[in-house]
Amino acid sequence: MVNDVVVDLSRLQFAATALYHFMFVPLTLGLTVLLAVMETIYVTTGREIYRRMTQFWTKLLLINFALGVATGLTMEFQFGTNWSFYSSFVGDTFGAPLAIEGLMAFFLESTFIGLMVFGWDRLTKAQHLFVTYLVALGSNFSALWILVANSFMQHPQGAEFNPVTMRMELSSFGELFFNPDAQAKFVHTVLAGYVTAAIFVCGVSAWYMLRNRHLDFARRSFRVAAVFGVLGSGGVITLGDALGYVGAHVQPTKLAAMEALWTPEPAPMAFNAIALPNQQEQRNDFAIRIPALLSLLVTHSLSGTVPAIDELEQQARERVRNGIPAVQAMEKLSANPQDAAALAQFKAHGADVGYGFLVQRYAPGGDLTKVTDADILRAARDAIPEVWIVFWSFRVMVGFGLLMLAYMVLATLMSLTNKVEHQRWFQWVGVLMIPVPFLACEMGWLVAEAGRQPWSVYEMLPTWLSASTHSVPYMIFSISGFVLLYTIFAIVEVFLMLHFIRKGPEDHGREGAGQLAAAY
């Protein structure tokens, strides 16, 4: 059995590397599409300013793309090094979308980004535009397959569990791909990337206006990004609602934690706008509530209700009791795969095998015959994620989302009426808004992943059972090395971004691109 400290350190390392990596992903997703928009305007109008815009923002994309690749590659290796049982358990299913992402999406993106940077004088306008479209398509395809894999962890479908091999075996690629969680999450995530890129371009353009530099370039970049961003902002909120609706059905524990909903309530259910969750006593020490709003948001009706944490814990206790015979049957099957009685026992209780694994953590010596009612209660309470993390991460994300929508609407109106360059206060707002979408994306990731706990595969494989058997000193050394390395990467990203932003669009072109490529 893996040491609990090792499990926590393994989680911390993966969380740290994922958070670092996700600083770069949204900007790449959005900038590739925004560049396609800018270059399309250049090709259709022939106006040189849009070529300059495309080339300059491509340079910043290249910086971000390089750091994103560097931080992303190591994450997949962690599945084998730190999460070996997880890799064995889901590798037949989880590996398929990851392999497709690498072979199709990443290779497409990484191959054509070179042509996009260096092909301006070697390709025709139409050919170069096509290359830019392929880069945008590749980056978004990459997100699609990664989110298909992640959604299997959130809502495992398209696979069947084999109790003899202890593996989730792929049964339907169509069900895996068309997982409702994957489809809603993909659109929500890529639109968040579009908003991130829009605010980034608006912020840098606003900085040029503050410095009275490159004004025509800044005005046009700001306008294109503002219109692009206002459409994306509306989509993010709309698809966020759809994702919440899906999540209410497939992950009720996450929803209950997001809303700090401890006890059942009649319809229409009130929404906790602000609360201080107390998980120890299972109540909110303080709450400001909006009547009927939760029912409207989650069920799209005034008569709908969702289960509370008390109800979910009671269901978890029953499922733990039902899951214990399933795990015991697997132990018999490991000794004799042809044991018909054990196979029948597993089929009768197999739907709750994950809950049997959940309580095995507290079984003395792993012997489930010695599990007590207190152990079952502990396991049932484990089935609820850390409420305060999920609750507040969700509200910070939503708050930032509404702030970005308001900013993008105002930015679009002021840009279309040619007022941006005359309002220094709004230019400063644009600069200060740059970190907001990055923070919102990180909060969204926390909601998705912390809200899935205590499972690495929801209701099938507990996180405590998924980790490799490393030592604590090894994990501390590994985490320290990754955090140090990734911090250096983040510093390099900021330094290079600021360096080329200060140089401005006049210094774009093959020479600048060559200098940038040489830096890597």
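# Patch, packing and salt bridges

Student: Which residues form a nonpolar patch on the surface?

Tutor: I274, L276, F286, I288, W388 and W392, with about 570 Å² of accessible area together. Patch members have over 30% relative accessible area and no salt bridge, with like charges joined within 9 Å and nonpolar side chains (Val, Leu, Ile, Met, Phe, Trp, Tyr) within 5 Å. Areas are Shrake-Rupley values with a 1.4 Å probe, and for residues only the protein chains shown count as cover.

Student: What sort of model is this?

Tutor: This is a predicted model, where local features need pLDDT of at least 70 and side-chain atom pairs pLDDT 80 or more, while totals for chains, interfaces and linings use all residues. Residues are numbered from 1 along each chain as its sequence is written, and side-chain values use heavy atoms, leaving out hydrogens and water.

Student: Back to the patch. Which elements supply at least two residues each?

Tutor: β3 (271–278), β4 (283–290) and α15 (387–416). Helices (H or I, at least four residues) and strands (E, at least two) are DSSP runs numbered from the N terminus.

Student: Where is F286, and how does its accessibility class come out?

Tutor: F286 lies in strand β4. F286 counts as partly exposed because its relative accessibility is 41%; under 20% is buried and over 50% exposed, with a 1.4 Å probe and protein chains only.

Student: Different topic. At what angle do the axes of α1 and α19 cross?

Tutor: Roughly 10°, for helix α1 (residues 4–21) and helix α19 (residues 472–503), and the two axes come within 10 Å. That makes α1 roughly parallel to α19. Axes are fitted to C-alpha atoms, for helices over the stretch in contact, with angles from 0 to 180 degrees between N-to-C directions; under 35 is roughly parallel, over 145 roughly antiparallel, 65 to 115 roughly perpendicular, the rest oblique.

Student: Which residues of α1 and α19 meet?

Tutor: On the α1 side they include V5, L9, L12, Q13, A16 and Y20. On the α19 side they include V472, M475, I479, F482, V483 and Y486. Contact is heavy atoms within 4.5 Å.

Student: How many salt bridges does the structure hold?

Tutor: The structure holds 17, each a side-chain nitrogen of Lys or Arg within 4 Å of a carboxyl oxygen of Asp or Glu.

Student: What does D4 pair with?

Tutor: The side chain of D4 meets that of R361, at 3.5 Å from N to O. D4 lies in helix α1 and R361 in the loop between α13 (353–360) and α14 (373–382), so the pair ties together parts 357 residues apart in sequence. D4 is partly exposed at 37% relative accessibility, and R361 is partly exposed at 27%.

Student: And E421, what is its salt bridge partner?

Tutor: R219, at 3.1 Å from N to O. E421 sits in the loop between α15 and α16 (424–432) and R219 in helix α8 (residues 215–250), so this bridge ties together parts 202 residues apart in sequence. E421 and R219 also belong to a network of salt bridges that includes D216 and R220.

Student: What does T132 touch?

Tutor: Leaving aside neighbours within four places in sequence, T132 is in contact with L35, A36, E39 and M116. T132 lies in helix α5 (residues 125–154) and is buried, with a relative accessible area of 0%.

Student: And A184, what does that touch?

Tutor: L239 and L243, not counting residues up to four places away in sequence. A184 is in helix α7 (residues 180–210) and counts as buried at 8% relative accessibility.

Student: Last one, the backbone. Where are cis peptide bonds?

Tutor: One runs from A267 to P268, with omega near -5°, and another joins Q453 and P454, with omega about 15°. P268 lies in the loop between α9 (252–258) and β3; P454 is in the loop between α17 (435–450) and β5 (455–457).

Student: What is phi of A292?

Tutor: Near 70°, a positive value in a residue other than glycine. A292 is in the loop between β4 and α10 (293–299) and counts as buried at 16% relative accessibility. Phi of E459 is also positive, near 65°, and E459 lies in the loop between β5 and β6 (461–462). Most residues other than glycine have a negative phi, and most peptide bonds are trans.
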